[in-house]
Amino acid sequence: MSPARQTAFRVSLLIGVGALAASCGGVESLSFQNPPTTRAASAVSPSTLPGDLNLVQQPVVPGITTTTLPPIGPGKASITGSVFGPGGPVPGATIEADRLVGNQVATATATTAADGSFAIGNILGGRYRVRAWHGPNLAMTSPQIFFLDAGQPHGITLQLTAFNGPDIATSANPGVLQVGQIANLLVQVTNPTVGNDGVVRDQPLVGAPVSLTNGPEWTVYNGNPQTTGTNGRVIFQISCAQAGDNPLSVSVGSGSPQPVATPACVQPAPPTTTCNTTTTSPGHTSNTSTTEPQSGC
């Protein structure tokens, strides 16, 4: 039966029931029993969790335990001052103020003005470490450390040192030479550079010509000058012509000669000769060998 015909049948049935109720007079309403309630049975899966969840083994999470850094502000103290270099006030220098609390550090930074001045305000009191730098060649050799009173201003002056290269270091093998003996002289050339963190690092100077100069008592066997490699090094093969401390200097590029440490030179030990001596006595002859310097037997 179509949905439309089902609807018409239900309406006719209701009209008929209503008419029957009106004719009978004693029937006011009809009641029908509710259909039985049915529920689909659901399968219950057995639990896979242990009864005591404390027995569950959790994998270890990589990392370290972190703590909250100590505050550096807001407060009523301040640090002010100026930064100077070899040529006077240093504009654009970076100032780093570290508040030290136990083994923890809270940091505030500032930049110097055109006259080299700076100010770090609204900070708390405590123990402070302050340093300054200006890349690529100005930095402090050691920071200033002081106690800052809460609510008080503190004035300081920071002095920067210029780190200008190149720097030269040498090493000889062997450390003591005999006259005429060939040795290896290693020359390391670096260029100190101040990084963005204010730390001075020696960077190898690559492709720089290196010459041995001012060493009349030295002979070079493998070429002079030589050019530094990727590690900033060259190796010269040298020998000394006379005993004693003979001066030697190194020049990098067109730079001025810099005296360097050289191995001490000594005279070789004189060669020795063996003398055979024959001693004759009545009824007995003996041969004796003695070793003496080469001055004759």
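Leaving aside neighbours within four places in sequence, G229 is in contact with L205, V206 and G207, where contact means heavy atoms within 4.5 Å. The structure is a predicted model, in which local features need pLDDT of at least 70 and side-chain atom pairs count only at pLDDT 80 or more, while totals for chains, interfaces and linings use all residues. Residues are numbered from 1 along each chain as its sequence is written, and side-chain values use heavy atoms, with hydrogens and water left out.

G229 is placed in the loop between β17 and β18. Strands, like helices, are DSSP runs numbered from the N terminus, with at least two residues (E) for a strand and at least four (H or I) for a helix. G229 and V206 are 23 residues apart in sequence, and their C-alpha atoms are 5.5 Å apart in space. With a relative accessibility of 25%, G229 counts as partly exposed. On this scale, buried means under 20% relative accessible area, exposed means over 50%, and partly exposed lies in between, for a 1.4 Å probe and protein chains only.

Strand β17 also belongs to an open sheet of 4 strands in the order β17-β15-β19-β20, with antiparallel pairing. The edges are formed by β17 (226-227) and β20 (258-259), each with a single partner strand, so one side of each is left without a neighbour in the sheet. Two strands are taken to pair if DSSP finds at least two bridges between them. Strands of a sheet pair through backbone hydrogen bonds, either parallel or antiparallel. Strand β15 (residues 209-213) pairs with β17 in the antiparallel sense over 2 bridges, and V210 stands opposite Q226 in β17. Strand β15 is also joined to β19 by 4 bridges, and these two strands run antiparallel. V210 takes part here as well, with V252 as its bridge partner in β19. Strand β19 (residues 249-252) and β20 pair in the antiparallel sense over 2 bridges; the bridge partner of S249 in β20 is P259.

A search of the whole structure finds 3 salt bridges, defined by a side-chain nitrogen of Lys or Arg within 4 Å of a carboxyl oxygen of Asp or Glu. In one of them, the side chains of R131 and E96 meet at 3.1 Å, N to O. R131 is partly exposed, with a relative accessible area of 21%, whereas E96 counts as buried at 17% relative accessibility.

A salt bridge is also formed by the side chains of D98 and R129, at 3.1 Å, N to O. This pair links distant parts of the chain, with D98 in strand β3 and R129 in strand β6, 31 residues apart. D98 is buried, with a relative accessible area of 3%, and R129 is partly exposed at 28% relative accessibility. The side chains of D197 and R201 likewise meet in a salt bridge, at 2.9 Å, N to O. In that pair, D197 is partly exposed with a relative accessible area of 33%, and R201 counts as partly exposed at 38% relative accessibility.

The structure holds 1 aromatic pair. The rings of Y128 and F146 have their centres 6.5 Å apart and their planes at 15°, so the pair is stacked. Rings of Phe, Tyr and Trp (its six-membered ring) pair if their centres lie within 6.5 Å; planes under 30 degrees apart count as stacked, over 60 as edge-to-face and the rest as tilted. Y128 counts as buried at 0% relative accessibility, and F146 is buried at 11%.

The structure also holds 1 disulfide, a term that covers a pair of cysteine sulfur atoms within 2.5 Å. The disulfide joins C240 to C265, with an S to S distance of 2.1 Å. The torsion about the S-S bond of C240 and C265 is about -130°, so the disulfide is left-handed. The cysteines link distant parts of the chain, C240 in strand β18 (residues 233-240) and C265 in strand β21 (residues 264-266), 25 residues apart. C240 counts as buried at 3% relative accessibility, and C265 is buried at 5%.
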